[in-house]
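Work through the exercises below with the sequence and the 3D structure at hand. Each task is followed by its solution.

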Amino acid sequence: MAAAARWRSVFVIPCLFLLTTWALYYLAVKCAPDTKHPRASRDSSSSIFLHFPANLSELKDIFKLLVEYRDQHSSYVFVLFVCAYLYKQTFAIPGSVFLNLLAGGLYGLKGGFPLACILAAVGASFCFLLSKCFEIGRASCRERV
């Protein structure tokens, strides 16, 4: 029985990760409202596109893009930000500090701080529930001890 649960976890968790990755990609790329953006017309070597920032200079570029985009499509940017934050927290992907800074930049201290706190708590709860539901580590540890 434990072996069946472990194999189920080994199969379901990657499938769930791939499904949510695809959903976030679809939301970020395919569902984006069509706008005439001045940065979109630049050559492809210097174009800015949505991705998770890896350093502060990338964060500044994404921030500038999202602030301009937020002015035109505030609800879309909010939904995209919430989904990206929950994705990173649920699967324990490092780099949420950049999203905390981005929340403060996009929504100010009074809006960004509570938003980041709530999303961090909800994402950590999702991460806990994911590990609790599938218990992939617990079965492996019991067999080795």
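Two residues are in contact when they have heavy atoms within 4.5 Å. This is a predicted model, in which local features need pLDDT of at least 70 and side-chain atom pairs count only at pLDDT 80 or more, while totals for chains, interfaces and linings use all residues. Residues are numbered from 1 along each chain as its sequence is written, and side-chain values use heavy atoms, with hydrogens and water left out.

**Exercise 1.** Find the residues that Ala 28 is in contact with, leaving aside neighbours within four places in sequence.

Solution. Start in helix α1 (residues 2-30), where Ala 28 lies; helices are DSSP runs of H or I with at least four residues, numbered from the N terminus. The contacts are Leu 50, Tyr 76 and Leu 80. Next, take the relative accessible area of Ala 28, which is 19%. Buried means under 20%, exposed over 50% and partly exposed in between (1.4 Å probe, protein chains only), so Ala 28 is buried.

**Exercise 2.** Decide whether α3 is largely enclosed by the rest of the structure.

Solution. Twelve of its 17 residues are buried, so α3 is largely enclosed. Among them are Tyr 76 and Leu 80, both also contacts of Ala 28.

**Exercise 3.** Locate the salt bridge and classify Asp 71 as buried or exposed.

Solution. A salt bridge needs a side-chain nitrogen of Lys or Arg within 4 Å of a carboxyl oxygen of Asp or Glu. The structure holds one: Arg 70 pairs with Asp 71, with the closest N and O atoms 3.6 Å apart. Asp 71 has 58% relative accessibility, so Asp 71 is exposed.

Conventions
Helix = DSSP H or I, 4+ residues; strand = E, 2+ residues; numbered from the N terminus.
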